[in-house]
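Student: I have a model open and want to learn to read its features. Where do we start?

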Amino acid sequence: MLEELIQFDKDVFLFLNNLGSERWDGMWLLITKQLYWTPLFLILFYFILKKIGWKQFGVVILFLALLILVTDQATNLFKYSFERLRPCNDLSLDGQMRAVLVRKSFSFFSGHASNSMATTTFIFLAFRKYFKYPFLLFLFPLIFAYSRIYLGLHFPGDILTGYLFGFLIGMSFYKFYKFVQPKYFPIH
């Protein structure tokens, strides 16, 4: 059963990865780097800051920093526990895939997917009342994590597991934030 699931994951990966073309590689190389998302993050942070003020914004930044630290370290723990090869290093896929980038680290599960989903879930839950279309926030982890499949760095199962883990961490941090915030950091 596990072998069939792994093969299915590889088959879906090959299908999605081979949808790419050299013409679009540059765009996906930009999308996969967090640095290039900075303008979006700054606009989002500015919007939140205007709604909640500096003190609350500082608390939110602290929660996001802790959330990313926990998510990132847990992801690394999983990667080095499972030691699943990235698609670009999997010899069974040699000659069948487009390896736009190559990384030597392990694949399961995606840190890009888990971190982007955790932060988006937290921000969505905490601030959805301030957005007209808050569900659009989830375009970020969707596009960001797909770039990892496109570039040949992650299997779809790595992404989906990262999403699930990130969602659970984001939800947990939101619940903790809602518990702590009114007691210690009330909005005036």
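Tutor: Start with the fold. The protein chain has six helices and zero strands. Helices (H or I, at least four residues) and strands (E, at least two) are DSSP runs, numbered from the N terminus. Two ground rules first. This is a predicted model, where local features need pLDDT of at least 70, side-chain atom pairs count only at pLDDT 80 or more, and totals for chains, interfaces and linings use all residues. Residues are numbered from 1 along each chain as its sequence is written, and side-chain values use heavy atoms, with hydrogens and water left out.

Student: What does the C-alpha trace of the protein chain span along its principal axes?

Tutor: About 60 × 35 × 25 Å.

Student: How do I read a helix's span?

Tutor: Compare it with the expected span, which is 1.5 Å times one less than the number of residues. A straight helix of 45 residues would span 66 Å, yet α3 spans only 32 Å between its end C-alpha atoms.

Student: Where does α3 bend?

Tutor: At G53, by about 120°. The bend is the angle between axes fitted to the seven residues ending at a residue and the seven starting there.

Student: And backbone angles?

Tutor: Most residues other than glycine have a negative phi, and most peptide bonds are trans. Just after α3, E83 takes a positive phi of about 55°, although E83 is not a glycine. The peptide bond from F108 to F109 is cis, with omega near 0°. F109 lies in the loop between α3 (38–82) and α4 (111–127). E83 belongs to that loop between α3 and α4 too.

Student: Is E83 buried, exposed or partly exposed, and what is its relative accessible area?

Tutor: Buried means under 20% relative accessible area, exposed over 50%, partly exposed in between (1.4 Å probe, protein chains only). E83 is partly exposed, at 48%.

Student: Which residues does D90 touch?

Tutor: Contact means heavy atoms within 4.5 Å. D90 touches K10, L85 and F155, not counting residues up to four places away in sequence. D90 sits in the loop between α3 and α4 and counts as buried, at 14% relative accessibility. Its side chain also makes a polar contact of 2.6 Å with that of S92. Such a contact is a pair of N or O atoms within 3.5 Å; within protein, one must be able to donate a hydrogen and the other to accept it, and residues adjacent in sequence count only if both atoms are side-chain atoms.

Student: Where is D25?

Tutor: In helix α2 (residues 22–31). D25 is buried, at 12% relative accessibility, and touches R98, V100 and Y150, not counting residues up to four places away in sequence.
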